[in-house]
Amino acid sequence: PTPSPFYANAEAVKRQRISVGREMLHRVIPCLDVRDGRVVKGVKFSGLQDAGDPVQLALEYERQGADEIVMLDITATNEKRQAAMETVSALSACLSIPLTVGGGVRSLEDAKTLLQAGADKVAINTAAVRHPELLKELSTYCGSNCVVIAIDAV
């Protein structure tokens with residue numbers, strides 16, 4: 001599988017990075033939307049089509065210079081389950097860049113499970129809206145640098 005052409009220029013973007021004072025650095029962070037253990041692509045979560053194996057795609061993104069990988073299990077919340085731990089473990093075992101994982105994170109225990117499976121950071125979406133106090137609980141336990149809010153803009 002070949003990643004999106006958007007990420008093909010990751011090395012060029014990295015070469016253009018200049019850290020001057022408080023200037024924001026460019027970072028390339030591909031997001032893998034995963035359903036049933038496969039990366040899917042669509043528009044506004046409809047018309048989803050298989051885009052490949054998450055491990056193979058993540059490794060290719062890393063090879064092309066991605067700074068981090070985000071894996072979102074896009075059906076975990078609706079199916080009232082945690083993110084696919086097998087996929088998280090497989091990604092963690094092969095990547096040398098940080099891995100952020102989201103999908104089905106509703107509690108501190110859910111976040112702990114993801115971190116124990118190999119995630120470097122946890123992403124929350126629905127739970128951040130329904131239970132904003134979870135953000136403080138997670139950042140207190142994990143550190144604020146390990147908590148990400150995933151926002152779906154429609």
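Visitor: Helices here are DSSP runs of H or I with at least four residues, and strands are DSSP runs of E with at least two, numbered from the N terminus. How many helices and strands are there in the protein chain?

Guide: The protein chain has six helices and seven strands, and if you read along the sequence they follow the pattern α-β-β-β-α-β-α-β-α-β-α-α-β. Please keep in mind that this is a predicted model, in which local features need pLDDT of at least 70 and side-chain atom pairs count only at pLDDT 80 or more, while totals for chains, interfaces and linings use all residues. Residues are numbered from 1 along each chain as its sequence is written, and side-chain values use heavy atoms, with hydrogens and water left out.

Visitor: OK, and what percentage of the residues count as buried?

Guide: Of the 154 residues in the protein chain, 41% count as buried, where buried means under 20% relative accessible area, exposed means over 50%, and partly exposed is in between (1.4 Å probe, protein chains only). The accessible surface of the chain comes to about 8900 Å², and carbon and sulfur atoms make up 52% of that surface; such areas come from the Shrake-Rupley method with a 1.4 Å probe, and for residues only the protein chains shown count as cover.

Visitor: What share of the contacts is between residues 24 or more positions apart?

Guide: Taking the contacts in the protein chain with a separation of 6 or more, 58% are between residues 24 or more positions apart, and a contact means heavy atoms within 4.5 Å.

Visitor: Let's turn to the helices. At what angle do H2 and H3 pack?

Guide: Helix H2 (residues 54-63) and helix H3 pack at an angle of about 30 degrees, and their axes are 10 Å apart. The axes are lines fitted to C-alpha atoms, for helices over the stretch in contact, and the angles run from 0 to 180 degrees between N-to-C directions. H2 and H3 are therefore roughly parallel to each other, given that angles under 35 degrees count as roughly parallel, over 145 as roughly antiparallel, 65 to 115 as roughly perpendicular and the rest as oblique.

Visitor: Which residues make that contact?

Guide: On the H2 side they are Pro54, Val55, Ala58, Leu59 and Glu62, and on the H3 side Thr87, Ala90, Leu91 and Cys94. These residues of H2 and H3 divide into seven nonpolar, one polar and one charged, with Ala, Val, Leu, Ile, Met, Phe, Trp, Tyr, Cys and Pro taken as nonpolar, Asp, Glu, Lys and Arg as charged, and the others, Gly among them, as polar.

Visitor: And how do H3 and H4 pack?

Guide: H3 (residues 85-94) and H4 pack at an angle of about 40 degrees, with their axes 8 Å apart, and that angle is why H3 is oblique to H4. Met85, Val88, Ser89 and Ser92 of H3 make the contact with Thr113, Leu114 and Ala117 of H4, which gives four nonpolar, three polar and no charged residues.

Visitor: Where do H4 and H6 touch, then?

Guide: Leu108, Ala111, Lys112 and Leu115 in H4 meet Leu134, Glu137, Leu138, Tyr141 and Cys142 in H6, and by class the contact of H4 with H6 has seven nonpolar, no polar and two charged residues. The axes of H4 (residues 108-117) and H6 (residues 133-142) come within 10 Å and cross at roughly 40 degrees, so H4 and H6 are oblique to each other.

Visitor: New topic. Is Asp73 buried or exposed?

Guide: Asp73 counts as buried because its relative accessibility is 4%. Asp73 lies in strand S4 (residues 69-73) and, leaving aside residues up to four places away in sequence, touches Val34, Arg81, Gln82, Ala83, Ala84, Gly102 and Gly103.

Visitor: What about Arg35, which residues does it touch?

Guide: Not counting residues up to four places away in sequence, Arg35 touches Val40, Leu48, Ile74 and Thr75. Arg35 sits in strand S1 and counts as partly exposed, at 31% relative accessibility. Its C-alpha atom is separated by 8.9 Å from that of Asp50, 15 residues apart along the chain.

Visitor: Last one: where is Asp36?

Guide: Asp36 is in the loop between strand S1 (31-35) and strand S2 (38-43), and it counts as exposed, at 63% relative accessibility. Phi of Asp36 is near 55 degrees, a positive value in a residue other than glycine. Lys80, in the loop between S4 and H3, has a phi near 55 degrees too, and Lys80 is exposed, with a relative accessible area of 69%.
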